[in-house]
Amino acid sequence: MKRIELPLGLLFSNTGPYGTVAHTLLNGARLACAEINADPESGVTFHPIHIDPKGILQNYALAVQSLFDRGIHHVCGCYTSSSRKEVIPLFEKHDALLWYPTHYEGFESTTNVIYTGAAPNHHMSPLIDFLCSRFGRRAYCVGSNYIWGWESNRVMREGLQKRRGEILAERYLAVGETDLEDIISEIFETEPDFVFNAMIGESSYAFFRAFRKACEVRGIDQAKRFPIASCNLSEPELRAIGPESADGQISSSVYFSSLNSARNVQFVAAYSNLFCDGPVVSAEAEAAYIAVHMLAKTVAQTGTTKVSEVMKAVAGQAFDAPQGRVTIDPHSFHAALTPRIGLSRSDFEFEVLVEAPEPVAPDPYLVSSASEYEVASRRANVRIVS
């Protein structure tokens with residue numbers, strides 16, 4: 001079988017303020033490349049080229065342009081929404097394809113992006129339902145001061161309003177900022193039922209540590225009295241937080257490395273063997289892994305790397321991923337994924353508390369976003385794991 005040679009750009013800031021999680025994205029893509037290149041039946045040979053923008057926003061457009069200048073028109077990359085929005089105009093201008101493998105806030109769709117990470121109906125909607133049913137409807141929201149934080153808190157606010165809840169306060173910090181004293185004091189003053197954390201990287205890790213310590217000083221069991229819920233907390237970040245504060249935190253995601261399936265066990269073993277120095281596997285790593293496998297499968301079927309042909313053929317494309325079956329929606333080019341909610345443990349893994357019984361179609365604009373009746377109906381179709 002003649003193999004198709006495909007140069008692939010990998011655009012991940014594995015250094016900088018969110019380098020830990022972005023490094024897992026890079027590793028997930030590299031693992032997929034290694035598997036595809038080693039498979040004599042794949043029909044594709046990848047030549048990955050990695051550029052590290054170091055988490056500096058203005059570096060992303062320069063990096064993308066340098067890839068285009070080298071004739072590379074398929075790129076797997078970006079972690080933050082700011083970086084994604086920074087480069088999308090270039091992908092549209094050059095008719096290239098960005099394979100975006102990160103959970104995100106939604107409200108976007110372009111024919112030059114394939115979204116293999118979670119849309120808001122995969123993580124935000126299930127989380128709001130879970131928090132209201134378990135803890136109450138009064139939230140304190142904190143986020144990093146950019147698109148992910150703004151939009152995630154907006155969805156949280158609107159979701160709570162539909163459930164007759166309220167946001168007690170909404171605060172933002174610059175990416176990388178770790179001065180959290182005023183925010184922590186305000187949480188104790190407002191006494192929310194839960195804290196929604198939409199910060200990223202070092203800011204988020206510092207918050208978990210500082211808030212847990214502040215609760216301990218006051219004799220408060222943080223996990224029980226002030227549960228912290230996130231849509232972007234993964235296994236390598238638990239290690240970055242540290243053993244004193246990593247347990248008892250809530251994460252809404254489509255993938256956890258503790259999933260007990262043969263496919264996932266195989267994936268985690270392959271990842272750990274290839275990247276024994278870490279960081280450990282994450283939902284982001286799995287999404288990047290899915291993106292590269294989807295690209296290879298589509299190119300092999302079409303016999304071409306031409307972007308317009310790949311776009312046509314990827315619609316409806318399916319892949320048996322570590323999380324389960326994943327399918328690309330032909331209308332939005334987002335992936336159908338399986339929502340789950342996990343509780344972090346002291347061994348830096350997650351116990352899965354709730355999971356959907358099957359993949360959920362993407363709804364990036366939340367157009368079918370739910371009334372209270374619909375929420376109750378949807379809850380009846382969610383499987384309680386423990």
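Mentor: Helices (H or I, at least four residues) and strands (E, at least two) are DSSP runs, numbered from the N terminus. By that count the protein has 13 helices and 16 strands. The model is predicted: local features need pLDDT of at least 70, side-chain atom pairs count only at pLDDT 80 or more, and totals for chains, interfaces and linings use all residues. Side-chain values use heavy atoms, without hydrogens and water, and residues are numbered from 1 along each chain as its sequence is written.

Trainee: What makes Y100 and Y104 an edge-to-face pair?

Mentor: Rings of Phe, Tyr and Trp (its six-membered ring) pair if their centres lie within 6.5 Å; planes under 30 degrees apart are stacked, over 60 edge-to-face, the rest tilted. Y100 and Y104 have centres 6.1 Å apart and planes at 90°, so they are edge-to-face.

Trainee: Why is F130 called buried, and why is F135 called partly exposed?

Mentor: Buried means under 20% relative accessible area, exposed over 50%, partly exposed in between (1.4 Å probe, protein chains only). F130 has 7%, so it counts as buried. F135 has 31%, so it counts as partly exposed.

Trainee: What sits over the ring of Y100?

Mentor: The charged end of R84, 4.8 Å from the ring centre. The test requires NZ of Lys or CZ of Arg within 6 Å of the ring centre and within 35 degrees of the ring normal.
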